[in-house]
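Me: I would like to learn to read this model feature by feature. Please give me the general idea each time, then the case here.

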Amino acid sequence: MAHPQVVIGVDSSTQSTKALAVDTGTGRVLGEGRAAHRVDSRHGQESDPEQWWDALNTAVAATGWADRAQAMAIGGQQHGLVTLDAAGRPVRPALLWNDVRSAPQAAELVREFGAQWWAAELGSVPGASFTAAKWAWLRAHEPANADRTAAVRLPHDYLTERLTGHAVTDRGDASGTGWWTPDGPHPAVLARIGLDPALLPAVAPTGTPAGRARAGGPLRPGTPIATGTGDNMAAALGLGLTAGTPVLSLGTSGTVYTVARSRPADPTGTVAGFADALDNWLPLACTLNCTLAVDRIATLLGRDREAVEPGGAAVLLPYLDGERTPALPHASGLLHGLRRDTTAGQLLQAAYDGAAYSLLAALDDVLAVDRPAGTTNAAGTAASADTPDPAQPLLLIGGGAQGPAWQHTVRRLSGRPVQLPAARELVALGAAAQAAALLTGEPADAVARRWGTADGPVLPALERDDAVLERIATTISQTAALQSGGR
């Protein structure tokens, strides 16, 4: 019997590293490994990149295939700022995507250049999560550390470079920095934030390897390593996502996205104009507060996360860590409309509703990037011939996707059918598909479609609860000044 051709896909996330050993022929997972990360939340959200490397070695070894894998790729948390000295060691802990200390720098960048300029030139209006804002924060608050920095990397770049010795990135993850364009880093942005382009990795062409594994890592020396990508781009690969298919991911953060053939350009900043890991685009909207925020509310109420009850008129906005969509980085949780007869279960359901609302409100904008020829969308982007079908199921993924309360909330507030892909760990699967593509010559998304990763049951649509949507929208509008933190 022939031995399977095996690749390893890695998901290096905020909280942990997951690794999957996958049969390239069938997509069957042959081995798994996991190792936790520590996040320091005392001042912002920081993490030591060295522990990511240790976790990568542990997780890959635990798959049982490290010495036999024929290729590997890494999907990593987006936006994080990794600063390295001349010896390749971290200058300081990495600033993670959800560290909002850089909100003032992001706001100043938008004021200086203008939102329309950002949308037209870079496809995205930067917020606190974008790497450009984080570098500007470092320049302003830790100039000695900025001066010591000899290399700037994203999290997956750092790990790929540790594996191969080559400083490369990919267009997908690079598009979340706030300085990437298809023609190279934008010189005006780099000049404004004081970042030397010589500190940045090269962007590898789609489908090319980053290099080969060196000795001292988890793999056999010489094993091909794909360029990897950001976690959202890797999940899109893991689903084999096609243009116009909507995805809602319920994790620590919440995201909605699709693959588009047109470059997004939304001056409101709701839709980020990310590139995908191939040759298309990945319009995406993201919230900071999703499953962990709702679980925290459940804990405060002393209830199981599934112990929701219908009814009531309360609105609960679980903006426990500030919020990205809507752009309220200094916001906090807010409860409005509490009555004598409001129950704890109704409050918990209101937390689900509040967390899901912003994602679903952004979904139409995300799907509007590709429009019928001759029209434009709300973000001003020229259209393609593809029109998304409003009855097309919404792919529901992430840690919350298996929760009945989350499923019901998304169906009730979207009015859409929901499909639940049976495949798990889609970021790692997408990285595995990218690694497999090095061996088979297929596009990575075609590999995932061959594996059937998006297959799963479809839950029928429910009538959309417009009354709740209107109540939440009104509350957000009326409390905007309060939630802005007086800024």
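Me: What is the relative accessible area of R101?
Reply: Start with the scale. Buried means under 20% relative accessible area, exposed means over 50%, and partly exposed lies in between (1.4 Å probe, protein chains only). R101 has 22%, so R101 is partly exposed. E46 is buried, at 10%.

Me: Before we go on, what should I keep in mind about the model?
Reply: The model is predicted: local features need pLDDT of at least 70, side-chain atom pairs count only at pLDDT 80 or more, and totals for chains, interfaces and linings use all residues. Residues are numbered from 1 along each chain as its sequence is written, and side-chain values use heavy atoms, with hydrogens and water left out.

Me: How many salt bridges does a search of the whole structure find?
Reply: The criterion comes first. A salt bridge needs a side-chain nitrogen of Lys or Arg within 4 Å of a carboxyl oxygen of Asp or Glu. By that test the whole structure has 22. One of them pairs R101 with E46, N to O at 2.8 Å. E46 sits in strand β4 (residues 46-47) and R101 in the loop between β7 (94-95) and α2 (103-113), so the bridge ties together parts 55 residues apart in sequence.

Me: How are the helices and strands assigned?
Reply: They are DSSP runs, numbered from the N terminus: helices are H or I with at least four residues, strands E with at least two.

Me: How far apart are the closest N and O atoms of R305 and D295?
Reply: They are 3.0 Å apart, in a salt bridge. R305 is partly exposed, at 45%.

Me: Which residue does D353 bridge to?
Reply: The partner is R412, with the closest N and O atoms 2.5 Å apart. D353 is in helix α11 (residues 344-367) and R412 in helix α12 (residues 404-414), so this pair ties together parts 59 residues apart in sequence. Both D353 and R412 are buried. Elsewhere, bridges that share partners join E46, R92, D99, R101 and E142 into one network.

Me: What is the volume of the largest pocket?
Reply: The method first. On a 1 Å grid over the protein atoms alone, a pocket is an open set of points where a 1.4 Å probe fits, with protein on both sides within 12 Å along at least five of seven lines; lining residues have an atom within 4 Å of a point. Points are joined across faces, edges and corners, and the volume is the space filled by probe spheres set on them. The largest pocket comes to about 1100 Å³. Its lining has 47 residues, and L250, G251, T252, G398 and G399 are the closest to the centre. Elements that each supply at least two lining residues include β14 (247-250), β20 (394-397) and α10.

Me: How do its lining residues divide by class?
Reply: Ala, Val, Leu, Ile, Met, Phe, Trp, Tyr, Cys and Pro count as nonpolar, Asp, Glu, Lys and Arg as charged, and the others, Gly among them, as polar. The lining of the largest pocket has 17 nonpolar, 20 polar and 10 charged residues.

Me: How much space lies in the second largest pocket?
Reply: About 900 Å³. It is lined by 41 residues, with R324, P326, A327, L328 and P329 closest to its centre. α2, β17 (281-287) and α11 give two or more residues each. α2 gives the most, with 6. By class, this lining has 27 nonpolar, 9 polar and 5 charged residues.

Me: Where is H79, and what is its phi?
Reply: H79 is in the loop between β5 (72-76) and β6 (82-84). Its phi is positive, about 75 degrees, although H79 is not a glycine. H79 is buried, at 3%. E425 also has a positive phi, about 50 degrees. E425 lies in the loop between β21 (418-419) and α13 (426-440). E425 is partly exposed, at 25%.

Me: Which residues does A423 touch?
Reply: Contact means heavy atoms within 4.5 Å. Not counting residues up to four places away in sequence, A423 touches L429 and T453. A423 is in the loop between β21 and α13. A423 and G27 are 396 residues apart in sequence, yet 9.8 Å apart in space, C-alpha to C-alpha.
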